[in-house]
Amino acid sequence: MDLMNVLLLVLELTVYFSVMAGLFRLRHRLGIGIFFCALGTMHFLETYLAAILYVPFAEGTAISPGSTVLFAGKLVLLLLVYIREDASTVRQPIYGLLIGNFLTVALVFLARHHIVAPATGQLPDFSFMNDMGWLMVWGTVLLFVDSILIILLYERLGRIMRQSVGLRIALCAMAILTFDQIGFYSALWALLDAPTNVLIGGWLAKMVTACIYGVLAWIYLRYLERPPLVAPRQKRISDIFDVLTYREKYEDLLKRVGRDELTGVFDRSRLPGEGKDTLNCTPEAGRPFSVLIVDIDEFKAINDDFGHACGDLVLKEMAATMQGVLRKDDVLVRYGGDEFVICCNDLDRWEATSLGDRLMRRVAALQLPPLGRPVTISIGHATSPDEGRTFEELFAAADRSLYRVKRRRHGESSRLRAEGDLAQDPGTQASGAQDPEGIGTELV
């Protein structure tokens with residue numbers, strides 16, 4: 001295979017996935033409709049290239065960028081929609097493409113009955129338009145079936161490969177693209193008399209692109225996507241997508257049980273010892289594990305002075321801010337009132353201290369107009385195995401650490417108030433010793 005063809009195919013694959021994944025990443029800001037419109041627009045080019053453009057591949061075979069790059073990428077992108085949204089969302093572009101392609105065939109059938117005036121000196125090739133229309137319809141029917149199968153296979157593999165998302169996506173894409181290659185080639189053979197080397201070369205190329213797309217999808221999910229604070233609203237079971245993916249919806253519902261309604265983060269029922277369906281909050285031997293307890297300073301005064309609506313706003317904004325600082329696998333729990341608990345695997349004491357510093361800076365930088373002043377927090381933390389080997393021991397140690405922080409801060413506030421009184425009354429003499437530990441430390 002010519003090196004230039006290889007480089008062009010890799011470039012096409014990279015550009016296609018990067019742009020489409022970027023649009024999907026911005027769906028919460030721009031709306032998912034932009035992503036779907038771009039996906040639908042590429043469908044015509046995908047089918048057109050699959051019908052007319054083939055390049056040499058291994059051992060005398062030939063492949064089409066439309067089928068190898070664009071269709072394979074679209075299938076993986078639809079799986080991403082399912083993974084990050086739900087089945088009722090992923091069905092929207094598929095139904096739209098199916099209806100649009102049937103409409104294309106119907107309009108071409110009507111258009112061919114016009115009396116044509118060759119204004120440009122050319123006559124339309126209705127035969128090619130017919131072939132293209134039927135290829136688009138057949139391709140969308142296959143896409144409909146492919147999407148159902150890849151979702152079901154992804155969920156089934158999740159029982160044994162839950163932590164290997166990239167590998168699951170690649171294996172699913174390889175299996176379904178094998179089925180699709182046979183189905184789409186049958187249409188190419190029937191309509192365009194495509195040779196056998198198109199079937200073989202297309203299959204080999206799709207296996208390679210499935211692996212590449214699996215890696216790119218893993219990178220996207222690992223480094224660009226963050227888990228939503230609130231799970232998507234449950235849809236009623238209304239069609240085949242919902243029926244066949246009901247088990248996933250049921251498991252998603254179970255995951256949402258134990259969420260705090262105000263902030264969207266987990267509630268204390270998901271901590272060890274509080275409920276049956278606990279999160280991954282258990283220290284493991286040989287691995288550091290840190291527990292942080294976060295408390296909002298003077299939260300009662302916020303409620304008293306500005307109202308509970310302002311207090312709720314502070315809690316929601318603070319939860320969202322902390323979620324943005326934490327790693328993907330860190331667990332954020334609203335323990336009660338204005339207290340939050342953070343559980344972090346593979347985080348040693350120094351890293352926990354650094355995390356606490358970042359949390360305090362980000363929360364202090366929050367702009368909350370109703371409040372008119374910064375929100376400050378105090379944090380206590382504990383790390384295994386030095387300060388405990390079970391979650392209960394670490395939680396108790398972090399709670400004691402938080403108590404020491406709050407006590408020192410209270411002492412600092414009292415000292416500052418006393419100094420203010422002295423400034424107003426210069427004749428008054430100060431008494432008492434300075435805190436040798438350094439009053440004002442917010443993190444222990």
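This note walks through the structure point by point.

1. **What you are looking at.** This is a predicted model, in which local features need pLDDT of at least 70, side-chain atom pairs count only at pLDDT 80 or more, and totals for chains, interfaces and linings use all residues. Residues are numbered from 1 along each chain as its sequence is written, and side-chain values use heavy atoms, with hydrogens and water left out.

2. **The overall picture.** The chain has 14 helices and seven strands; these are DSSP runs numbered from the N terminus, helices being H or I with at least four residues and strands E with at least two. Of the 444 residues in the chain, 44% are buried. Here buried means under 20% relative accessible area, exposed means over 50%, and partly exposed lies in between (1.4 Å probe, protein chains only). Among contacts with a separation of 6 or more, 71% are between residues 24 or more positions apart, a contact being heavy atoms within 4.5 Å.

3. **The surface.** Val 15 belongs to helix α1 (residues 3-25), and its relative accessibility of 45% makes it partly exposed.

4. **The sheet.** Five strands make an open sheet with mixed pairing, in the order β3-β5-β6-β4-β7. At the edges stand β3 and β7, each with a single partner strand, so one side of each has no neighbour in the sheet. Two strands count as paired if DSSP finds at least two bridges between them. As a reminder, strands of a sheet pair through backbone hydrogen bonds, either parallel or antiparallel.

5. **Strand β4.** Eight of the eight residues of β4 (residues 289-296) are buried, so the strand is largely enclosed by the rest of the structure. Both of its faces are covered: Phe 289, Val 291, Ile 293 and Asp 295 are buried on one side, and Ser 290, Leu 292, Val 294 and Ile 296 on the other. Seven bridges join β4 to β6 (residues 339-345), and the two run antiparallel. Eight bridges link β4 to β7 (residues 377-384), again antiparallel. To trace the pairing by eye, look for Phe 289 with its bridge partner Asn 345 in β6; Phe 289 also stands opposite Ser 384 in β7. Asp 295 has Ser 378 as its bridge partner in β7.

6. **Salt bridges across the sequence.** Twelve salt bridges are present in the structure, each a side-chain nitrogen of Lys or Arg within 4 Å of a carboxyl oxygen of Asp or Glu. In one of them, Asp 260 meets Arg 334, with the closest N and O atoms 3.3 Å apart. Asp 260 sits in the loop between α10 (246-256) and β3 (266-267) and Arg 334 in strand β5 (residues 331-336), so the pair ties together parts 74 residues apart in sequence. Asp 260 is buried at 14% relative accessibility, and Arg 334 is buried at 16%. Another salt bridge joins the side chains of Lys 406 and Asp 297 (2.9 Å, N to O). Lys 406 lies in helix α14 (residues 391-424) and Asp 297 in the loop between β4 and α11 (299-306), so this pair ties together parts 109 residues apart in sequence. Lys 406 is partly exposed at 27%, while Asp 297 is buried at 10%.

7. Lys 300 forms a salt bridge with Asp 304, the closest N and O atoms being 2.8 Å apart. These two are four residues apart in helix α11, about one helical turn. Lys 300 is exposed, at 60% relative accessibility. Elsewhere, Arg 27, Arg 84, Glu 85 and Glu 225 are linked in a network of salt bridges.

8. **Helix α5.** The 25 residues of α5 (residues 87-111) should span 36 Å at 1.5 Å a residue, and its end C-alpha atoms are 36 Å apart, which agrees. The expected span is 1.5 Å times one less than the number of residues. Its buried residues include Val 90, Ile 94, Leu 97, Leu 98 and Asn 101.
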